[in-house]
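Dear colleague,

Please find below the structure that I am handing over to you, followed by an account of what was found in it.

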Number of protein chains: 2
Amino acid sequence: MSTSSRFAVAVHILTLLASADEPLPSSLIAGSVGTNPALIRRLIGVLAQAGLVCTAMGAAGGASLARAANTITLRDVFRAVESDSVIGLHAGAPNPACMVGREITGALTRITDRAQAAMEENLAQTTIAGMLADVERSARARRR
Amino acid sequence: MSTSSRFAVAVHILTLLASADEPLPSSLIAGSVGTNPALIRRLIGVLAQAGLVCTAMGAAGGASLARAANTITLRDVFRAVESDSVIGLHAGAPNPACMVGREITGALTRITDRAQAAMEENLAQTTIAGMLADVERSARARRR
DNA sequence: TTATATGTAACTACGATGGTTTCACTTGTT
DNA sequence: AACAAGTGAAACCATCGTAGTTACATATAA
């Protein structure tokens, strides 16, 4: 199974904000993502708590990037919206009367932590600015 | 969110099989994992399809490793039991009328594929034999 | 022949996710 | 001052995947 779509939508939102020079309302963002404004606001709340975006209430309000787009890595985004580790462990504790059951969780945790760190290290190599550049490059290529 | 516990349980099963020199019945494995035999048999079916274990029916039957424990990497196990990519994309297609909406999925796919490859590369560095050695080392250390 | 297994289908319970509606509150504009 | 355009947050619902469980047909060693 895969993680939720929150990461994908969060990157979408941030890339959109990076391409704008004024606060964008949740309704506009929802139009681009293809969902409804309340959902976007929920996710933006998480991103705001993580210090990635800031919001303005009232008319002409909306969300904008809290930092420069080239200082926000996809790892930052991932950690903001995805709390658990991507590789799950046992649902219940294994049998402590068995050697493998007793020691497997510790051994597995070491492995999965390392694997996830490798993945996040990879995500850290891309920023929101990079994503926007990538999107613009693709759009140019498609137009030709 | 995280993946299912299938990977963790599968590694548990395989480590257990690596420590045995005869076929183990699902009931015994279930006792070590802390769940019920039918669940174990379901998972073993997947591992058998992937060519990691083989099973024998009837009395004195059970599951055993199909290959040497030092030739089964955790990446093999991961791919056998976890079909989807770990990082999900959008639930529905974004709005193609918006540049970001139109291009973000392609850009994201490139990123997430690379990130998952990095994670799997990391998992490939450990084998079931390594897991068993790790478990045995931990058990020795605990006894002291 | 019997005990011990697997393989598989069917069903339930539960939690996370995405989606939706609604309402109080804030703020720029006229 | 009134209004329009926003956010923030709560309360739901539907859906889906997972884990768990039971049951039974089938296979096989002793």
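In what follows, a residue is called buried if 20 or more other C-beta atoms lie within 10 Å of its own, exposed if 12 or fewer do, and partly exposed in between, with C-beta atoms placed from the backbone. This is a predicted model, in which local features need pLDDT of at least 70 and side-chain atom pairs count only at pLDDT 80 or more, while totals for chains, interfaces and linings use all residues. Residues are numbered from 1 along each chain as its sequence is written, and chains are lettered from A and ligands numbered from 1 in the order in which they are written.

I begin with a backbone feature. Most residues other than glycine have a negative phi. A:Ala60, however, has a positive phi, near 60 degrees, and in B:Ala60 phi is also positive, at about 65 degrees. A:Ala60 lies in the loop between strand S1 (53-56) and strand S2 (62-65) of chain A; strands here are DSSP runs of E of at least two residues, and helices are runs of H or I of at least four, numbered from the N terminus. B:Ala60 is placed in the loop between strand S1 (53-56) and strand S2 (62-65) of chain B. A:Ala60 is exposed because 8 other C-beta atoms lie within 10 Å, and B:Ala60 counts as exposed with 8 C-beta neighbours inside 10 Å.

Leaving aside residues up to four places away in sequence, B:Val77 touches B:Phe7, B:Ala10, B:Val11, B:Leu14, B:Leu52 and B:Ile72; contact requires C-beta atoms, placed from the backbone, to lie within 7 Å.

Finally, the two chains. In the interface, 53 residues of chain B are in contact with 53 residues of chain A. On the chain B side, H5(B) gives the most, with 16 residues.

Yours sincerely

Note on methods
Two residues are in contact if their C-beta atoms, placed from the backbone, lie within 7 Å.
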